[in-house]
Every structure is written in structure tokens, then in C-alpha cells.
Amino acid sequence: MPLSTSLALILMAGSSITAPQSFDLSSGSATRQTPYQAGGHGMEPGSTDDDFLFSVAVPDGTYRVTLTLGNRKAAGDTTVKAEARRLMLRNVATKKGQFVERRFLVNVRSPALPPPPANAPGGTAVRITAGDAREYTWDDRLTLEFLGKPQVASVTIEPVSAPTIFLAGDSTVTDQAAEPAASWGQMLPAMLDGTIAVANHAKSGATLKSFLTDLRFDKLLSAVKPGDWLFIQFGHNDQKQEWPQTYADAATTYPAYLRAYIAEVRRRGAHAALVTSPERRNFDESGRIKDTLGSYADAVRKLAAEERVPLIDLNADSRAIYEALGPQIAPTAFNDGGRDKTHHNNYGAWLLASAVAERIRTQIPELAPHIVAAPFVPAQPPSAAQVAIVPSRAHSDVRPAGN
């Protein structure tokens, strides 16, 4: 899925003239039999009747996706994910002969950056990895994944300008491209209404410093509009002194870099919110979570008060969630069958995203009306059976970077 910089820039330049596109996705339709070709639309490799990926070539931007779900001859139970497994719709049931319409927003981006002026420092593209290039994220298309028992009659995709929540962070935030790993950032879209977008720029293994040097922050800032929001969550990798090039001390450089991020967003008329990093799953003998991120979480809390920005205290909420589940059940919320104590699976990612959504509802009045998730109490998490998210077909045994 790599995209040349020159082609990406052409696509970006033409984004303002992109027209709505509608497609028949009913079973047996010509579209369902058409493989995707660059610059067009069609099915991605490996698609079947029970789970399929449909892509449409589009420029960078935000798109309203309108789906008509249902089938005259069969019942359905449709889950929809976008790009790299961003959960958009979960278990939409339709009876035989019933049709329902659902809408949501999808943010699409390529690696291309507006070129800097002559003789000015900078770059023309984000420094993505080979792994990034294989994902349905940094490419020239909008990809939708249909799972469960999908019954899809049609899809319409149209460009829009909409308020956006941008996410900057590490592996506990990013859109994890393959099962069983998952992060709260890719679950958040399913907890919002269809009038606000999520642009998840987080990267596994990222730090405040690497996010800058990889030009990921430049890419994010190039799309920020007045009134948008940036949620910032770093810490897991910034605390690693064994990474000397990107280590950030909790008392000095860490808050200084966070302050600079906030300033850049404010300069563009947008708003910032700070998120404390979720704790790792290490229990002591009394069933309490051990502290591995305390000084970094405290630095974020202090800075949020000083800068007067909203605080999403996911560190505190994650501790409450894990302790409520207990040492025996908590591993079922984590990647790699619980052997990974840092990264989550779909269940754990849903719980953390629910905590983020609840904090938004209670602490950010401007965004609260967009929250459609049920009320959530971290000390009373639902069971895995109650959450039950249909897995994607992409699978990897490799743990996310930054464990």
C-alpha cells in the first residue's frame, strides 16, 4: 500500500473537488466481485461473504460514510471497522427484510506533507516504516471492513469538513493493525456520534521526541483546524532511560515537550487535552496494581492544572479497572493471551476507551454531546462476554513496539 509522495500531493491538492460516491455492496453485486485496483474501488484480497474489506481511492481528508444495512432474504449482524481496525459500528442487527441506515466519519491520510518553502528545513513525507506501509492507514484509499454476519446493501462516501479529535501517543493509543492487539484510540470512534471524527496519529513505540523527528506531529498539525481537539498521551516509552535519544525526564524535559505540543495546537486555534498513560498490569500480593508510571502521571496532572487544559486520568482509571477485574480475570483484557502486561486486546481496549469517553462526558463540555457510549464506572467494568467485539481477520503474533 505504499504511496509515492508526488502522487499523494496530487491527491491532496484535488481533495476539494472530490464528489460523493455510491456503491452497491449487496451480495452478488458486480462491486462485490471487483478486486481493488489503484485509483479505483473494489474488494481487498481475501474478502469473503462473511468478512470482506472494501476500498475506495480518496485524497487525504475526512469522509462521511453512509451505510444501508440489511437484506430482503436474510437477517444480519454487522460490525464495521475502518482503515486499520478502527471500530465504527458494533453488532448492528437487522431482521430478514429490514433495512437500517447508519452514518459515521472516517479520517484518511497519506504520508505526504505540504513541501516546505525553498531553503526551509522540513520534509515532504512522514517517516513511516515498512510495517506502516503494509497497513490500511498510510495509503491512498478509504478501507471499510465488514464482519460478523454482514448484510450491506449500499455505501455512500462523501468528503466533509467536521470537528476532529486528533490523537498523539504510543502503542496503547494507536490503531493496532492486527489481532489480538488493540488500543483505546481505535475503539473511541464507536463511542461518538456521527458528527465528529477521530484522527489517530499515534504510533507504537513513539515518544514525544520521536513523534517530532518522524514528522508525525507536522502531519497532524497540517490538518488541524480551529475548534479541533488534540488528546496527548505519552509516557510508556519516554521513561526509558535505556533509550537515550528519546528519554524525557518526568521532572524536566517531559512536561516541557508536552507544553510545546499544547502551544502549537493553541496557535492554530485548536484545543488540547492531556491523558495520563494507562498503568501496566503488575499486581502486588494484596491485589493492588504496582506503580511504574507514577511520576509521569503526576507530571501530566500538574501540567494540566497549570495550563488549564482538560485531564483524562486514564492512569487512575486503568488501575481501578484492573483491580476490579482482579489478578485472575485482568489478563483476559490483554494482548498475547495475557502474557503481554502492557498492551490490550479488544476487550481491554474497549474498557479503556469507555473510561476515556466517560471522562470526556464529565470534563469536556464542548465534546460531551458527541458521546453516545453508555455510562461507565471503572470500578465496575463489564465482562468480556458483555463486550464481545468481532475480531478482524488480520492476525499477528508480534507484540506492538514499546512493550
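How many bridges pair β10 and β12, and in which sense? I looked, and β10 and β12 pair in the parallel sense over 5 bridges.

**Ground rules**

I noted that this is a predicted model: local features need pLDDT of at least 70, side-chain atom pairs count only at pLDDT 80 or more, and totals for chains, interfaces and linings use all residues. Residues are numbered from 1 along each chain as its sequence is written, and side-chain values use heavy atoms, with hydrogens and water left out. Helices (H or I, at least four residues) and strands (E, at least two) are DSSP runs, numbered from the N terminus. I call two strands paired if DSSP finds at least two bridges between them.

**The parallel sheet**

I started with the open sheet of 5 strands. Its order is β11-β10-β12-β13-β14, and the pairing is parallel. β11 (197-200) and β14 stand at the edges, each with a single partner strand, so one side of each has no neighbour in the sheet. Next I checked what packs on this sheet. I found α6 there, touching β12 and β13. The direction of α6 makes about 155 degrees with that of β13. For such angles, axes are lines fitted to C-alpha atoms, for helices over the stretch in contact, and angles run from 0 to 180 degrees between N-to-C directions.

Then I went through the pairs. β10 and β11 are parallel over 4 bridges, and L167 stands opposite N200 in β11. On the β12 side, I165 has W229 as its bridge partner. β12 (residues 229-233) is joined to β13 by 4 bridges, and L230 has A272 as its partner in β13.

Is β10 mostly covered or mostly open? I found it mostly covered: 6 of its 6 residues are buried. Buried means under 20% relative accessible area, exposed over 50%, partly exposed in between (1.4 Å probe, protein chains only). T164, F166 and A168 point one way from β10, while I165, L167 and G169 point the other way.

**The cores**

A nonpolar core is a set of buried Ala, Val, Leu, Ile, Met, Phe, Trp, Tyr and Cys residues joined through side-chain atoms within 4.5 Å. Which residues touch the most other members of the largest one? I found W184 and F231, in a core of 45 residues. Helix α9 gives the most to this core, with 10 residues. I also listed contacts (heavy atoms within 4.5 Å). Leaving aside neighbours within four places in sequence, F231 is in contact with residues including I165, L167, A273 and V356. Another core, of 30 residues, lies apart, and F211 and V265 are among its members.

**Helix α7**

I checked the length of α7 (residues 294-307). The expected span is 1.5 Å times one less than the number of residues. For these 14 residues that gives 20 Å, and the end C-alpha atoms are 20 Å apart, which agrees. The buried residues of α7 include Y296, V300 and L303. Among the elements covering its buried residues are α6 (253-267) and α8 (314-329). R308 follows α7, and its phi is positive, near 55 degrees.

**The antiparallel sheet**

Last, I looked at the open sheet of 4 strands. The order is β1-β9-β4-β7, with antiparallel pairing. Neighbouring strands here are turned by 15 degrees against each other on average, direction ignored. β4 (residues 61-70) and β9 (residues 152-160) pair over 8 bridges. Y63 has P159 as its bridge partner in β9.
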